[in-house]
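Here is a short briefing on one protein model. Look at the structure first, then read the points by topic.

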Amino acid sequence: MQPPRLRTFHFLLAATMLLPAAGASAADRPNILLIVSDDQGYNDLGQLGNGIITPALDRLANEGTRLTNFYVAWPACTPSRASLLTGRYPQRNGIYDMIRNEAPDYGHRYTPDQYAVTFERIGGMDEREVIIPAVLKRAGYKSGIYGKWDLGALRRMLPTSRGFDDFYGFVNTGIDYFTHERYGVPCMVRNLEPTEEDKGTYCTYLFQREALRFLDEHAGEEPFFLYVPFNAPHNSSSLDPTIRSSVQAPERFKAMYPPVEPETRVTDRYRYGTPATVATPQARRRDYRAAVTCMDAAIGEMLDRLEAKQMLDDTIVVFFSDNGGSGGADNSPLRGHKAQTWEGGIRVPCIVRWPAGKIPAGAVNDEFLTSLELLPSFAGAAGVAPPPGVVLDGFNWWPTLRGESKSPRKEMFWKRRDQIGARVGQWKWVQMGDQSGLFNLDEDIAEKNDLSQSNPEILAMVKERYTNWLREMEAAEPRGPFRDF
């Protein structure tokens with residue numbers, strides 16, 4: 001039995017999802033284009049002035065609203081992606097850690113038979129979980145996903161078994177951008193079948209190609225949900241230290257940045273196989289930026305295609321990163337990075353464009369919002385009810401993005417193994433191993449000034465809210481693959 005506060009919240013959530021969105025009707029539901037980058041830094045948008053080249057994302061920000069107080073549900077790939085698709089905390093949907101193998105971190109290359117029985121191959125999201133395309137299908141939406149799935153490799157766990165109509169991409173946390181292998185294992189899939197048809201082609205180009213094909217086939221024919229989860233600018237998955245230590249990018253995009261000399265260095269401190277030749281920090285930074293700019297060009301092609309079809313303004317476009325940046329990323333002014341519960345691991349760049357839905361152009365919105373809001377917001381825009389019997393942890397954000405009301409969100413919690421983050425109002429408590437602190441984010445977004453000693457009563461309050469949340473997660477109907485039930 002849920003406590004009264006939660007039962008009330010979830011009832012109100014369901015009610016708000018049934019309200020029609022501005023500009024939408026039963027006969028004219030908005031298209032939805034959801035674009036997710038991989039490990040992109042909070043400050044890595046061209047318009048923010050750090051030198052990165054992102055004209056398409058800058059266009060989105062100029063024609064839409066940039067969210068500065070937007071969080072994902074986990075500081076790394078797999079759980080973050082499960083939560084944005086389910087609208088549920090990782091601890092509720094069962095994906096509260098990574099579906100990956102650790103052996104390649106120590107230089108091991110699996111044989112096909114070894115790989116076939118590893119967790120990376122057999123693990124996946126619980127089949128009872130309901131994701132965005134399955135919800136939108138009830139409103140007549142066609143859906144496609146092109147890019148990184150990361151929620152299971154077995155056929156029953158693949159996107160077209162979960163509600164998507166079409167899929168082309170890879171199934172795990174990272175690949176070599178050209179061979180499409182993960183540490184030597186081929187990983188590309190079309191719908192339910194493995195494929196090496198495009199081996200050798202830079203994968204961002206492939207995801208762009210498939211997304212444009214989907215738009216040509218479906219834009220204007222029926223409402224669509226197009227999900228493009230890029231792997232850029234995630235580090236390359238290779239056992240070659242020179243490749244693995246950086247991000248692969250096409251030469252023409254590297255050439256858009258100042259030359260780097262030297263490109264590599266030899267180190268005696270590497271995770272395996274020393275001495276090793278690795279990318280210099282300068283080359284890694286250049287390569288990271290080039291991968292982002294290549295991805296941005298693909299985004300620009302999608303926007304141009306929708307505009308040519310006179311459908312751009314009627315399409316909801318949402319962009320954000322799956323977690324905080326790493327490697328060559330710029331997370332300033334935030335503290336920390338990917339895999340951490342500091343702000344730099346969980347607060348990410350986000351842009352929303354939807355003129356027909358009265359989302360302001362050129363605006364900056366500082367309301368407290370998260371990726372958990374996506375499913376209820378998309379469902380609300382499509383005029384479809386929430387999945388029956390499913391407890392959601394987000395709400396319909398359109399009134400907040402239009403400036404009609406403040407965000408209903410007052411708190412958010414994160415748990416990555418022994419790392420904890422808890423935000424209640426402007427207060428944030430972090431426990432990162434032997435580092436911890438209480439911070440007032442309204443005054444200290446960089447989490448520099450620990451106020452735990454001067455505000456013990458506030459620290460106790462935030463910890464109590466975290467404990468209550470953890471108790472709620474433990475009482476939720478159990479989901480695999482990690483939970484014991």
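Helix H2 (residues 55-63) and helix H11 meet with axes that come within 7 Å and cross at roughly 50°.

**Helix H2 against helix H11**
- On the H2 side, the contact is made by Pro-55, Ala-56, Leu-57, Arg-59 and Leu-60.
- H11 contributes Asp-296, Ile-299, Gly-300, Leu-303, Asp-304 and Glu-307.
- By class, six residues of this contact are nonpolar, one is polar and four are charged.

**Helix H8 against helix H11**
- H11 (residues 281-308) also meets helix H8 (residues 203-218): their axes come within 10 Å and cross at roughly 10°.
- Angles under 35 degrees count as roughly parallel, so H8 is roughly parallel to H11.
- H8 brings Thr-204, Tyr-205, Gln-208, Ala-211, Leu-212, Leu-215 and Asp-216 to the contact.
- Their counterparts in H11 are Cys-294, Met-295, Ala-298, Glu-301, Met-302, Arg-305 and Leu-306.
- Nine residues of the contact of H8 with H11 are nonpolar, two are polar and three are charged.

**Sheet**
- An open sheet is formed by 10 strands, with mixed pairing.
- The strand order is E9-E8-E5-E4-E10-E1-E13-E14-E2-E15.
- Strand E9 (193-194) and strand E15 (363-365) are the edge strands, and each pairs on one side only.
- Strand E13 (residues 315-321) and strand E14 (residues 350-353) run antiparallel and are joined by four bridges.
- Phe-319 has Ile-351 in E14 as its bridge partner.

**Salt bridges**
- The structure holds 48 salt bridges.
- One of them joins the side chains of Arg-155 and Glu-193, at 3.2 Å from N to O.
- This pair links distant parts of the chain, as its residues are 38 residues apart.
- Arg-155 lies in the loop between strand E4 (142-148) and strand E5 (166-170), while Glu-193 is in strand E9.

**Confidence**
- Over residues 1-27, pLDDT stays under 50.
- For that stretch the model has 45 contacts beyond four places in sequence.
- Where pLDDT is low, the predicted coordinates should not be read in detail.

Notes: Residues numbered from 1 in each chain as written. Predicted model: local features only at pLDDT ≥ 70, side-chain atom pairs only at ≥ 80, totals over all residues. Heavy atoms only, no water. pLDDT = per-residue confidence, 0-100. Contact = heavy atoms within 4.5 Å. Pairing = 2+ DSSP bridges. Helix = DSSP H or I, 4+ residues; strand = E, 2+ residues; numbered from the N terminus. Axes fitted to C-alpha atoms, helices over the stretch in contact; angles between N-to-C directions. Parallel < 35°, antiparallel > 145°, perpendicular 65-115°, else oblique. Nonpolar A, V, L, I, M, F, W, Y, C, P; charged D, E, K, R; others polar. Salt bridge = Lys/Arg side-chain N within 4 Å of Asp/Glu carboxyl O.
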